[in-house]
Amino acid sequence: MRNTLIMDAGLVDFIEKLPLSKQIVTHIELLRKGVYMLHFLRTADFLPGQVVAISTDLSVPPRLYSICSGEQDEKLSVLFNLKSDGLLTPKLAQLSQGDPVWISTPFGAFLGDDQPAWWIAAGTGIAPFRSMMRSGMANGKTVIHGGRSADSFYFQNEFLSTFGENYIRCCSGEHAEGLYHGRLTQWMQEQDRLSKDQTYYLCGSAEMVVEVRDILIEKEIPIDKIMSEIYF
Amino acid sequence: MKNPSLFGKTLAEIEEIVASLGAPAFTARQIAEWIYKKHITQFDAMTNLPKSLRHQLAQGYSIELSTAVKVQTSVDGTKKYLYPSTGHTFIETAYIPEGKRATLCVSSQVGCKMGCLFCMTGKQGFQGQLSTGEIIHQIRSLPERETLSNIVFMGMGEPFDNLENVMKSCEILTADWGYGWSPKRITVSTIGIIPAMKTFIENSSCHLAVSMHTPFHAERKKIMPIENVYPIQAVVDLLRRYDLGKQRRLSFEYIMFKDFNDSNRHIQGISRLLHGMRCRINLIRFHPIPNSPLASASEERIQQFREGLVSKGFRTTIRASRGEDILAACGLLSTKELVKTQAPDF
């Protein structure tokens, strides 16, 4: 039975949503070395682009993860990078089916819509855009995904079949067919006709978001048209 | 391999160490006092400890301190110190004398993950957390340490993204076995990471400053990505739940951007957001950074804005700009040029 939530972009009653509740892991997938997708039973509705706070037990401070599943999917899923020196992700990586985890209800205001836009991500920053794609927001979007190696482009088959030529994979560390060889920021620099009317959604590390945002500002994209989500 | 440093350890951590060495528990306090109150840098100087314990400590630990690698002095007397951190990274610390007062602006991280549009530190991305020792060291090694009247965690980094080490630093700074500072002389500034802020409020007596910069959700999202997950309304809602008492100061930082957040509508918005709260508002001139679409509001407008807030009943100050010529002013600290970064993942 799903809880009914007021979809409030994380503002109203936000604090009441922070307490974590126990959920059960349905399965965990290794997407490539050090990158996992964790699936839970879904007990709440969410808006594509929102996050959940997750912890394995209440002794570890929870961290925020973007939901990467669609709003109609049965399971709620997140992506995470294993940080070997971290407190939480080594524990997350050890989870298996049936294990309990502590998870908040979804919240956050990095929300997509059905207007033409650019989705720009690095690494696991693709997560909210997959959620948006699977929630019917793909129309009119251009997707730019940056990664170091050819296996960094999580869900690439889904993105390719949905966006075709409007899905650009920028691979900084390897040459491979169908990939732009170079950094995402290099690809962005090379674009000389970026729309000033569309919104640019950026998601990933602070380094990536700040660099891409600077490029967009240099290219005279108004800050009104730049939406950023930084993983911290 | 270098021995781990005892500098930056809390009393509880030193107690664990002395227990592991088979020494009596009370020696932990003696060690802490030698390090933090008497400022010694050699175990041999801990003359009230048994020689055998001093030897054990010297075998397994260090208390040596590094010094700043560079100092720049502003025409207004502000000094900017550059300290080495781990992994060939550096941090900056600003010493700001003003009459009988002197404030030290300390860093809590190398770089920052928050990506605020108006901040130079954000432009260098994130290179690492500072240890408790590295945070305290900025104070301990300051040549002007004895002149300090205030410490503000407003240097590089978001303090509540390094909560554990910031909390330990505050403990060492305020404990009677530590530096013995009054918590009223220490302010920790945050952009509003709610869970960490809650922990801080409940476990510290230091002052709190919150970076607001606009009372409006949609606007704040444009300049501060944190607004997506921890909106200013929720930050204020949380703060309203606590009685911080008369001794503990809550302030809101507000950088004044021309034609962005300096209108009368913003005065109304701040007034609604903070209605009835006992707090202070600090207006800050924006110090332009490269490639920024933002500009500072005029002096006249800043004064008018202050008067508008005062008329609404808010204690409002305009922070003096200090150290701008050496890039030590608010929002300008950066060691980007010194960072040897790994290949990014994009």
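Reply: In this predicted model, a place to begin is the boundary inside chain B, where the count between domain 1 of chain B and domain 2 of chain B is 4 residue pairs in polar contact, with both residues at pLDDT 80 or more. On the side of domain 1 of chain B that touches domain 2 of chain B, helix H1 (11-20) and helix H2 (26-37) of chain B each supply at least two residues, and H2(B) gives the most, with 5 residues. By class, the residues of that side divide into 3 nonpolar, 2 polar and 4 charged.

Me: What makes B:Asp176 and B:Arg29 a salt bridge?

Reply: The criterion asks for a side-chain nitrogen of Lys or Arg within 4 Å of a carboxyl oxygen of Asp or Glu. The side chains of B:Asp176 and B:Arg29 meet at 3.5 Å, N to O, and because the cut-off is 4 Å, the pair is called a salt bridge. The count between domain 1 of chain B and domain 2 of chain B is 2 salt bridges.

Me: How do you know which residues of domain 1 of chain B lose the most area to domain 2 of chain B?

Reply: Buried area is the accessible area that two parts lose on being put together, summed over both, and between domain 1 of chain B and domain 2 of chain B this comes to about 900 Å², of which carbon and sulfur atoms give 50%. In domain 1 of chain B, the residues that lose the most are B:Leu11, B:Tyr36 and B:His39, together 57% of what that side buries. The contact involves 9 residues of domain 1 of chain B and 8 residues of domain 2 of chain B, while the centres of the two domains, taken over C-alpha atoms, are separated by 35 Å. The domain assignment places domain 1 at 11-60 and domain 2 at 70-338 of chain B.

Me: How does the radius of gyration of chain B compare with that of a compact globule?

Reply: With 346 residues, a compact globule would have a radius of gyration near 20 Å, and chain B has 21 Å, so the value agrees with the rule. The C-alpha atoms of chain B fill a box of roughly 70 × 45 × 45 Å along the principal axes, and the secondary structure of chain B comes to 10 helices and 12 strands.

Me: Why is the pair A:Arg32 and A:Asp151 called a salt bridge, and what parts of the chain does the pair link?

Reply: The side chains of A:Arg32 and A:Asp151 meet at 3.7 Å, N to O, and because the limit is 4 Å, the name salt bridge applies. The pair links distant parts of the chain, with A:Arg32 in strand S1 of chain A and A:Asp151 in the loop between strand S8 (141-147) and helix H4 (156-163) of chain A, 119 residues apart.

Me: What lies between the two domains of chain A?

Reply: The area buried between domain 1 of chain A and domain 2 of chain A is about 1300 Å², of which carbon and sulfur atoms give 57%. In domain 1 of chain A, A:Arg32, A:Pro48 and A:Leu79 lose the most area to domain 2 of chain A, together 36% of what that side buries. Between these domains the count is 2 salt bridges, and A:Asp73 and A:Arg134 meet in a salt bridge at 2.8 Å, N to O.

Me: What makes chain B and chain A partners in contact?

Reply: Contact means heavy atoms within 4.5 Å, and by that criterion 37 residues of chain B are in contact with 40 residues of chain A. The area buried between chain B and chain A is about 3200 Å², of which carbon and sulfur atoms give 63%; in chain B, the residues that lose the most area to chain A are B:Asn228, B:Asp345 and B:Phe346, together 24% of what that side buries. Across this interface the rule finds 2 salt bridges, and the side chains of A:Asp214 and B:Lys123 meet in a salt bridge at 2.7 Å, N to O.

Terms used. Residues numbered from 1 in each chain as written. Chains lettered and ligands numbered in written order. Heavy atoms only, no water. Buried area = accessible area lost by both parts, 1.4 Å probe. Helix = DSSP H or I, 4+ residues; strand = E, 2+ residues; numbered from the N terminus. Rg over C-alpha atoms; globule rule 2.2 N^0.38 Å. Domains from an automatic or database assignment. Polar contact = N/O pair within 3.5 Å; in protein donor to acceptor, adjacent residues only side chain to side chain. Nonpolar A, V, L, I, M, F, W, Y, C, P; charged D, E, K, R; others polar.
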